[in-house]
Amino acid sequence: MENSWNEPYQRKDYFSSMTVDEIRIKFRFNTRMIDSKFNFKNKNNYRTEMFQCDSCRKSIESQTHLLWCPAYENLREGKSLNSDKDLVKYIQEVLIIRDKLNLDR
């Protein structure tokens, strides 16, 4: 059994192939701490907006939605979101756009 209580935890492969900033983004993604409205359900202003995505205005803004939001379709071109490197690069690009638009409240 992998990672049972008897066995020590193994370092994830991406720790040796990514920069510290990339590792932090990957960790935030894995722990559902990426800035999306549905990850922070207790914020009153998100609830009053019914968690609507500010970018496409069509869906609830969950972390999963940000991966497939039509507003970011061009950022996904040539990337495989199954690849850690491509996933992190995509998330970085989305966060930069959202920061410029002041969507990360």
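Student: Which residues have the most contacts inside the largest nonpolar core?
Tutor: This is a predicted model, in which local features need pLDDT of at least 70, side-chain atom pairs count only at pLDDT 80 or more, and totals for chains, interfaces and linings use all residues. Residues are numbered from 1 along each chain as its sequence is written, and side-chain values use heavy atoms, leaving out hydrogens and water. A nonpolar core is a set of buried Ala, Val, Leu, Ile, Met, Phe, Trp, Tyr and Cys residues joined through side-chain atoms within 4.5 Å, where buried means under 20% relative accessible area, exposed over 50% and partly exposed in between (1.4 Å probe, protein chains only). The largest core has 19 residues, and those with the most contacts inside it are Phe29, Ile34, Leu67, Tyr72, Leu87, Tyr90 and Ile91.

Student: Which element gives the largest share of this core?
Tutor: Two or more residues each come from α2, α4 (63–68) and α6. Helices are DSSP runs (H or I, at least four residues), as are strands (E, at least two), numbered from the N terminus. The largest share, 6 residues, comes from α6.

Student: With which residues is Leu67 in contact, leaving aside its neighbours within four places in sequence?
Tutor: Contact means heavy atoms within 4.5 Å. On that basis, the partners of Leu67 are Phe29, Arg76, Leu81, Leu87 and Tyr90.

Student: At what angle do the axes of α2 and α6 cross?
Tutor: Axes are lines fitted to C-alpha atoms, for helices over the stretch in contact, and angles run from 0 to 180 degrees between N-to-C directions. Angles of 65 to 115 degrees count as roughly perpendicular, under 35 as roughly parallel, over 145 as roughly antiparallel and the rest as oblique. Helices α2 (residues 20–30) and α6 (residues 84–100) are therefore roughly perpendicular. Their axes come within 10 Å and cross at roughly 90°.

Student: Which rings form the aromatic pair, and what is the angle between their planes?
Tutor: Rings of Phe, Tyr and Trp (its six-membered ring) pair if their centres lie within 6.5 Å; planes under 30 degrees apart count as stacked, over 60 as edge-to-face and the rest as tilted. The count comes to 1 aromatic pair. The edge-to-face partners, 5.1 Å centre to centre, are Phe38 and Phe51, with planes at 90°.

Student: How many residues apart in sequence are the parts that this pair ties together?
Tutor: Phe38 lies in the loop between α2 and α3 (44–48), and Phe51 in the loop between α3 and α4. The pair therefore ties together parts whose separation in sequence, in residues, is 13.

Student: What is the relative accessibility of Phe51?
Tutor: Phe38 is partly exposed, with a relative accessible area of 31%. Phe51 counts as buried, at 14%.
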